[in-house]
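I opened my notebook to look through this structure, starting at the surface and moving on to charged pairs. Here is what I looked up.

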Amino acid sequence: MTEQDQKQLGTTLWGIADTLRGAMNADDFRDYMLSFLFLRYLSDNYEAAAQKELGADYPKLKTDDRRTPLSVWYAQNAEDTAEFEKQMRRKTHYVVQPAFLWSSIAEMARTQDGELLHTLQKGFDYIENESFASTFGGLFSEINLNSEKLGRGYTAQNATLCTVIKAIAEGLEKFSTDKDTLGDAYEYLIGQFAAGSGKKAGEFYTPQQISSILSGIVTLDSQEPATGPIKHLGSVFDFACGSGSLLLNIRTRMKDAGGTIGKIAGQEKNITTYNLARMNMLLHGVKDSEFEIYHGDTLTNDWDSLREMNPAKMPKFDAVVANPPFSYRWEPSEALGEDMRFKNYGLAPKSAADFAFLLHGFHYLKQDGVMAIILPHGVLFRGGAEERIRTKLLKDGHIDTVIGLPANLFFSTGIPVCILVLKKCKKPDDVLFINAAEHFEKGKRQNRLLPEHIDKIIDTYQYRKEEDRYSMRVSMERIEKEGYNLNISRYISTAEAEEEIDLQATHDELKTLATKIKAATDKHNDFLKELGLPPLP
């Protein structure tokens, strides 16, 4: 499928969503629509695997036969279905029974079948509980098919689902929908729903342009970025992963560069968003053995495997990335003050957990790894506890690069933000400042970073370039003199230099103008005299 077709598919699906959601808010409708798209993916993938497994025994149906081939095979081979499903679990890692396949559900929607809602609920329950171990556990837990938002009473709810599923099925039929295409459509819809959710979108979505900067940084050699992209990224961790778009952006960049990526790990507190992230991973062809998304609170560190006290067993990651909620209010307790993540630095203030998130991710970074995190500008200069944490990070040589971004890039806030790049073992004895705040394309609702803006940031980081009014390498001595304040404007001036005025040339020009004015006035007065009119003064 061409890029244009992919965009058209995304636009078509968004048009369906925008038309059919009615009075339902974007967040609620998002969960229904993305779940149906995910069911379509699981079904297509499963049917293709079943056809390969059954070979010549896979039924070939006539064009006008609306049944699914797998339902026909099940009916003809009832005694073999248990062994077949056992084999499919080994090979495909999950099972979708014929009645719950997307094509079966779509046919029920087309014929306005009164049992669609019941069948769909049974299908979701089956996939969650019986399809495959714990990978799909709770995946559809936040999808309420009996919600009054779909209509009052079963009949109205069933009719709404029929209408929505029929429209999605017809929209998808116009396109060739392989797994990459469905994954791209899913990502596009997440972005569109984020745009429609306003401030709430900050919980689950990092715009792709921002993700591209972070992925561009962490996929370069961590110690020698100038040598270029690495061939293998062993592990990557996003401790506030939202819908997983940032992790997938890193995977795509590695794949496009001919490299490979090992373990993908994420953590997400919001249950609905956690389910979105798992669906997003699977939809993009990431195998269940290649990723782990954990549902839990990052700040209280309730992921058991991360609380491992034995340093030899504690998980450490080659790359850590995050776009945590900005200036999040939290409850720093006395016990957290002794937490291994914060003990050497102190606790972030109650009013802003920005440095708590940063220290959490930094704790799990490998010695030769790289971390890139998006934070509000306040972390660069605020005093108190934040100043103490910032100062220690600088004195210990852990802050590598500070990147200032334009305002109004996010759906959730209009404030300008920054990217901090941190390393436990960095070679340059300075900090690179990049002021990219003036480099963007202005939009009606959101400003945008174009590919050339993104490439310029990554290129400047990679080669540690210095450019007037854009980037500068600042020594630790200078930063110390500034009181460990990282406010970018202290180091990079964006003021336009005033043009020097040549006073003598200006004087000569004024003299010439005065002579010309006198000559023109005299000539005009001659005409006035001939006409018998009083002269100009």
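**Surface and salt bridges**

I started with Ile-517, which I found in helix α17 (residues 503-530); helices here are DSSP runs (H or I, at least four residues), strands likewise (E, at least two), numbered from the N terminus. The model is predicted, so local features need pLDDT of at least 70 and side-chain atom pairs count only at pLDDT 80 or more, while totals for chains, interfaces and linings use all residues. Residues are numbered from 1 along each chain as its sequence is written, and side-chain values use heavy atoms, with hydrogens and water left out.

Is Ile-517 buried or exposed? Ile-517 is exposed, at 56% relative accessible area (buried is under 20%, exposed over 50%, partly exposed in between, with a 1.4 Å probe and protein chains only).

Next I looked up salt bridges (a side-chain nitrogen of Lys or Arg within 4 Å of a carboxyl oxygen of Asp or Glu). My search of the whole structure gave 27 of them.

I checked Asp-430 with Arg-473: their closest N and O atoms are 2.9 Å apart. Asp-430 sits in strand β8 (residues 430-435) and Arg-473 in strand β9 (residues 471-475), so this pair ties together parts 43 residues apart in sequence. Asp-430 is buried at 10%, whereas Arg-473 is partly exposed at 36%.

I then turned to Lys-465 and Asp-459, whose salt bridge has its closest N and O atoms 2.4 Å apart. Lys-465 is partly exposed at 38%, and Asp-459 is partly exposed at 26%. Shared partners also link Asp-400, Lys-423, Asp-430, Arg-464 and Arg-473 into one salt-bridge network.
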